Amino acid sequence: MLFSLYYLRVDKQLTECHSISAGAKSKVKSSVQRAIRTKVVETYPLLAPHIDEIIPKKSQLDLLKLPDRVSLYALDNEPLFWQHMDDPIIPHLRVVHAFPTCFSRIGIDRGAIRFVLSGATLMAPGLTSTGGRLPGVDVQLKEGDVAVIEAEGKQEACLVGQLRMGTEDIKEKKKGVVMDTGHYLGDGLWKMTID
């Protein structure tokens, strides 16, 4: 997901115009909805006790087509998850805020906050400096894992996306791109209204 130019285009689109217009909206078949529930629980095992609250079995998920082959799954006009083609399914920040302990988290220092919230690439120094926070030795995130980014001194997560570098590499190198893009507070996906 993070390795294609697609994300740079989407990131610029989200940053520059701060709005996304959804394309076709369709109902998700019940078999596909069951598969999505299963995939979410496999990807985020800590969400398993809450999956019936997030996607109730008798509910009807909607699929919204966004620009550049992004699919947004919504329930009752509330966005839940998004996915680019066959990449991992990524939670919307509203889901992350509702269930904050169910996702892998890393922290950025105060200096990186304004850059992240303007759609800039997340760089390793923002995580390895004094205010940054990486998981301990017992919990390692690898390249391609989905991670939630928290800001130093703030309660809510500010970014969610796929890592381009594992946490062990971040600690060793202390420089380089950690996340090209993702869904951040105030971007087009955050501000999007679903009718």
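Student: What volume does the second largest cavity have?
Tutor: Keeping in mind that this is a predicted model, the second largest cavity has a volume of about 50 Å³.

Student: And which residues lie nearest its centre?
Tutor: Eleven residues line the second largest cavity, and those nearest its centre are Gly119, Ala120, Leu159, Thr181 and Gly182. By class, that lining divides into six nonpolar, three polar and two charged residues.

Student: How many cavities of 30 Å³ or more are there?
Tutor: The count comes to two cavities at that cut-off of 30 Å³ or more.

Student: What about the largest pocket, how much space lies in there?
Tutor: About 200 Å³ of space lies in the largest pocket, and its lining includes Thr43, Tyr44, Pro45 and Leu46, together with Cys102, Phe103 and Ser104.

Student: How does that lining split by class?
Tutor: The lining of the largest pocket has eight nonpolar, three polar and one charged residues.

Student: Switching to the strands, what is the order in the sheet?
Tutor: The five strands form an open sheet in the order β1-β2-β3-β4-β5, and their pairing is antiparallel.

Student: Why is one side of β1 and of β5 left without a neighbour?
Tutor: Both β1 (25-27) and β5 (90-91) stand at the edges of the sheet and have a single partner strand each, so one side of each has no neighbour there.

Student: And how many bridges join β3 and β4?
Tutor: Strand β3, residues 70-75, pairs with strand β4, residues 78-84, over six bridges in the antiparallel sense, and Val70 has His84 in β4 as its bridge partner.

Key. Residues are numbered from 1 along each chain as its sequence is written. This is a predicted model: local features need pLDDT of at least 70, side-chain atom pairs count only at pLDDT 80 or more; totals for chains, interfaces and linings use all residues. Side-chain values use heavy atoms; hydrogens and water are left out. On a 1 Å grid over the protein atoms alone, a cavity is a set of points where a 1.4 Å probe fits but cannot get out, and a pocket is an open set with protein on both sides within 12 Å along at least five of seven lines; lining residues have an atom within 4 Å of a point. Grid points are joined across faces, edges and corners, and a volume is the space filled by probe spheres set on the points. Ala, Val, Leu, Ile, Met, Phe, Trp, Tyr, Cys and Pro count as nonpolar, Asp, Glu, Lys and Arg as charged, and the others, Gly among them, as polar. Two strands pair if DSSP finds at least two bridges between them. Helices (H or I, at least four residues) and strands (E, at least two) are DSSP runs, numbered from the N terminus.
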